[in-house]
Each structure stands twice: as C-alpha cells, then as structure tokens.
Amino acid sequence: MKTKKLLGKLREYFDDQSRARKEKRTSLKKLLKKMRIKEKELKHKLEHERDAEQAAKIEAKIALLHAQRKKGVALLKEDDF
Amino acid sequence: MLRKILLPTIFALLAYGFWASADFKEIAAGIAIFLFGMLSLEEGFRAFTGGTLELLLRRATDRLWKSLSFGIVATTLMQSSSLVSVITISFLSAGLLGLSESIGVVFGANLGTTTGAWLVAGFGLKVKLSAYAMPMLVFGVILILQRQKALRGIGYTLAGLGFLFLGIHHMKEGFEAFKGTIDLTRFALPGFFGVMVFSLVGIAATVIMQSSHATLVLTITALAAEQITYDNALALAIGANIGTTVTAILGAFGANVQGRRLAGAHLIFNLATGAIAIVFIYQLVWLVDGLAGVLGIPATDYALKLAVFHTLFNLLGIVLMVPLISRLVNLLCRVIKAPKTTAEAPAHLVRAAIEFPDTAVEAVRKESIHIYENALRIITHALGLSRKELLSGEDLERLIANRDPPSDFDVDAEYQAGVKTLYAAVIVFISRAAFGWQQAQSQRLHWLRDAGRDLVEAVKALKHLQKNLLAAARSSNPNLRREYQRVRVRVLSLLRELEQIRRIVADDVTILSLDALKLEVAAIDREATERIYRLINEERISPAMATSLINDYGYACAILNNMIAAGSSIFVASSHELAGAQHAIRLTSEELDQVGAEGDHRRVDAL
C-alpha cells in the first residue's frame, strides 16, 4: 500500500497537468485565506465607521469580497478545477 | 565572402585530417560528441525552465552574495555557463533582475564553470567514463521518448551527460593513441611568448566551439597524454576564459540595453582576469604548486593542477572585481546609453525575452502597461485634462468646469501611433513565443492579448464619444453642456481610481477590488439613464439629444469597462498560479449585477 501511494505521488509529480492543477488549487486556497482576513478587517472597520457614505462604500466592498470568496469556495469543490 | 569560404575550408581540412590520421578522427569525434552532449544537457535544463529555475533565480538573487552563489551552483550543476548567461540576459532584459544582481550571477558562473575542470581532471581521467556513458545514454533516450515534460527533461540531461562522458573518453583515447605517432609537444612554445600565443589559440578554439568547457576538456586530456606542456595548457585555459565571452556578446545582440551592459560586464571581467592571469602567471604557478601540496595533489598531476589554476585565477578575478561592481555599473550605464523610449516604439519586446516563458510573459505585461499608459494619456487628453492633473488630488469638477475638450486633438492619429502599433507588436511577439509552452504561461499570454484588445476598444469608444463631446461644448443648451461635462468628470474620476489601484497594488487581494470599479460603472450608467429620462420629461433636452446622450454614456462606460478589464490582467506581477486563481474568482457581469442588486435591496431595507 505504501509503495502504491508513493508511486501515485511520483506519477502525480511527473504529470505536468495534475501538478499544475495542484499548484493552482493551492494558490486559490491561499488567496481565499487572505480574502477572509481582509473581509474580517473590513467588517471591523465598518463597526467603527460613523460616516454613512463611507460605511456604504465599505459595505459594498464586503459584499463584493464575500461574493468573490463564495465563488472561490465553489470552484474548490469542483473536481476539475 | 569570408563566411562563404570558411565552412567549406573547415570541412576540407577536417576531411583531410580524418583521411591522414585515425587518431585525429577519434579526437575530433570526441569533441563533436562532447559538444552534442552540451546541447542535450542545455535542452534538458530548458525543460525545467518555466517554473523551478525562474523561481530560484528570483529568490536567490536579492543580495550580491546570493547572486554569486546562484551563479556558482547553477553553473556547477548545469556545467554550462552559457546557459546561465543566456537565462540571466533574458531575465535582465525583461526587467525581472537588476544589473548588479545579474553581474553577480555572471561572476559566479565564471567560478562555477571551473568545477568542470575539476570533474574531468579528478574523475574523468581516472575512471573509464564510457562504462558510465552507455547506461546513461540508454536510460536517457528512453526517457526522451516519454510524454511528460519533466521526464523528457531528465532524459535529455542524462543523455547529455552520457554524451559528455563519451566525448571525453574518445578525446582521451585519441590523444593516448596520438602519442605513439606524433609528438605535439614539438610545437610547444616556452616563456612569455608561448603564453601569449597559446592564450590566443585558446580564445580561437573557444570561439569556434562556442564552449570554454570543451576547450578546457580538450586541454586537460591533451595535457594528461603529455601532448602539450603544462605552461601552454595554462595559457589555453586563460584563452578559453576570454573566448567564452563571445557567447554572451552574441546573446546580447538580441537583448535590450541592459543585456548589452551585462555582456559588457562579462567581457570586462573576463578580460581583466585574463590579463591578471597572464601578467602574474609565474606567481600563480608558484601559488598553485603550494596549494597542490596542501591539497595532497601529486606534483606530476598536471591536469589537476590546471584545475587549481583555473579556479584560482577566476577566484582572484571575483575578489578583485566584486568591490568594483557599483562602479562597473556606473561605467556601463555611462558608456552604453539607453535609447530614448518613445510612445510609438515597443520598449520591452526584445528577442532575448522570448527565450524563456516567464520572461516572455513579463515582457508582454510590461509592453501592455506601456499601451495602457498611452491609452490613458489619449483618453485623459481628449477629455481636456493632462495626465499630471489627473493624478493630482485636485477636484475634477472644478478643473474642467471652464475648460472645453481640445478640438484639435486627433484621437485617430494618436491611436494609430500609441496603441495600434504597439498592440500589433505584442501580437507578433506572442505568436512567436506561445508555441509549445506550459499552460500557465500560455494562458497568461492569452489574457494579456485580450487586455491589449480591451485597450484598443477603449480608445475606439473614445473616438465615438469625442465627436459629440465637441459638438456639445458648442451647444446653446446649458443642460446638454452640463450633462456632457458630467460624462467627462465621471470617466476621469474612475480612471483616477484605477490609477490609484495600479499604484498601490500591494497585496494579492487589492487587484480584486477592480470588480468594485465595475459596479461603479454600472451605477454611473443607471444614474445617467434615470437623469436623462427626467430631462426629457421636463423638456430640458430634445429626444434627439437624449438618444445621443444615452449612446455616449454607453461609450463612456465602454471606455471604463475596457480599461478596468485590461487593468485586471496587466496590473498583476504575481505568479501564474496566483494570477490564474485571481482570474477564476473575478465576478462575471451577471454576478456583479446580482451583487449590485443585493446592495440596492439592503439600502431600501435600511430606509
């Protein structure tokens, strides 16, 4: 079993397409993590914002970031991404 | 004329040599096999470009000691300083590497290449290399036939090493057999005159074979077979070191000014070290003897002593030249001046950048930024503002309140010169570069090509808008004049935001905020339509004026959307995988509409 797993990993490494796919997924995961942090920062900023116009702008940014993040999470769930 | 007769003459001489001496034939075949091995090895390492090698080059060159070490290690592993030089020139031309760092890599490569002499003298002459060569060739060729790029790369590398070993074996055998028939030491030249003559022979041999490594191996095998004297072998090694700069100089012909400066640095370094080695040759020989004693090298092992000499004078060169790198950079910048870049001529699409996928992508990205800047200048100017004013923090409404758009500004001529010509150059460059590359780079080139088209569309939309802008400026209807002024303010203010994002793209998430700009464009369009309906109902503008206005807002939004779309592909310099991820989660216009609609609902609910 161990050898089989090792061979599988080796094959995966030498297969350009599957390696590229793996790297793309890893990048997306990292990006989504950064976006989550940014979203939290914006929410924190929104709580302390007094100006209504500025608050609306931040709210729009949060909504956008959230939609992008949702799209990213959905993409990660897809097998062929 | 010379070129025409050179090749047939060489062929005739070689043919005569082969007919006259079987041993000469074996040596020449050894050199040919060796050079073929070098080519195969280069091909093998090229398979690994497009990722690993570039990543290493970027990470390992931010400090001088790191770039020196990178040059040493990469050349030791690849056994080809030419490939390291070509990669460095390519990266430098694309702006991915600075001149000082590149000089560090090239200096390091000079030292790294001396390991070849150690390998041949210490290992190659003492072991039956052909025994290793055969299995390497068999495994190598089997791997070359594989589909996967990485396996093919390993195959070429293995076959390359196999051919190198086989070539050395044949050279060695040839010289051994030669010993019985002809004594080449008859041509030995003693003293300083000999040093000069054999240095020139070394230069010539390296220029012809395009490889200092080959000259050195030939020298070592001849030295081991006692066909040349130790003194003359040292001079040949010095000559090989100078001759190798020819490869870099040839590579620099296709490079930009930075590449030519690097070739200049390479030439100065090798000439200086060569001159030092020639002038102080007897002191160096004395030092080599001392070091050989310390390292336990027998006094009669001239081949290994030659390797020590080769390393020593290159090391001496590095020690002397490294403190002078900043002065060298200044000198090169003064002597080799950058040509004045114009808006009309491509500034980054140089031949050297096409060599490697990463450098090609970066060159296209930079040229796309060039087009973007030209497009931005054209749009800003046509709307009545200078680029400086756009980037200033001044109130846009106030700036253009009493200023009409310039009537004498020929958008079409500007488009032809500053956008279309460059876009055409990008297309030609991509068509030459894209073939057979990895998916990641090809995809980025595809996005960059689309970005170029977006910029073209943006300026074309401006052309349509300009006609009515100029007419409205002369209109007697104040409402219409005000509305067209609003169009200008809206476009300029969003372009200002876009420029701000371009200048502060600090993290990987900032670029995603371009989607927010798209939402703003949609809002501009929505608000404009509502206002125009109101103006018609209140009979402040005629229906004909209203339809023109609606069309022109459409053009204004097209300008903005195209500029934003182009920006989302060209503002990012991050890795291909990250760029791919960013591209994948960018929202489509339908998804953006949904986010916009949800925002509207939230606002209504809050009321």
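What span should the 13 residues of helix 5 (residues 81–93) of chain B have at 1.5 Å a residue, and how far apart are its end C-alpha atoms? The legends below take up this helix and then other parts of the structure.

**View 1. Helix 5 of chain B, its span and its surroundings.** The model is predicted, so local features need pLDDT of at least 70 and side-chain atom pairs count only at pLDDT 80 or more, while totals for chains, interfaces and linings use all residues. Residues are numbered from 1 along each chain as its sequence is written, and chains are lettered from A and ligands numbered from 1 in the order in which they are written. Helix 5 should span 18 Å, and its end C-alpha atoms are 18 Å apart, which agrees; the expected span is 1.5 Å times one less than the number of residues. Helices (H or I, at least four residues) and strands (E, at least two) are DSSP runs, numbered from the N terminus. Helix 5 of chain B is mostly covered, with 13 of its 13 residues buried (20 or more other C-beta atoms within 10 Å of a residue's own, C-beta atoms being placed from the backbone). Just after this helix, Gly95(B) takes a positive phi of about 80°.

**View 2. Helix 24 (residues 514–537) and helix 25 (residues 543–570) of chain B.** These helices pack at an angle of about 175°, with their axes 10 Å apart, and they are therefore roughly antiparallel to each other (an angle over 145 degrees, taken between N-to-C directions on a scale from 0 to 180 degrees, with axes fitted to C-alpha atoms over the stretch in contact). Residues are in contact if their C-beta atoms, placed from the backbone, lie within 7 Å. Among those making the contact are Leu514(B) and Val521(B) of helix 24 and Pro543(B) and Tyr553(B) of helix 25.

**View 3. Asp515(B), a residue of helix 24 of chain B.** Asp515(B) is buried, with 22 other C-beta atoms within 10 Å. Leaving aside neighbours within four places in sequence, Asp515(B) is in contact with Leu64(A) and Gln68(A), and also with Arg586(B), Leu587(B) and Leu592(B).

**View 4. The side of chain B that touches chain A.** Here 28 residues of chain B are in contact with 21 residues of chain A. The elements of chain B that give two or more residues to this side include helix 9 (149–181), helix 22 (439–473) and helix 24, but helix 26 gives the most, with seven residues. Chain A itself has three helices and zero strands, and 15% of its 81 residues count as buried.

Notes:
Parallel < 35°, antiparallel > 145°, perpendicular 65-115°, else oblique. Contact = placed C-beta atoms within 7 Å. Buried ≥ 20, exposed ≤ 12 C-beta atoms within 10 Å, placed from the backbone.
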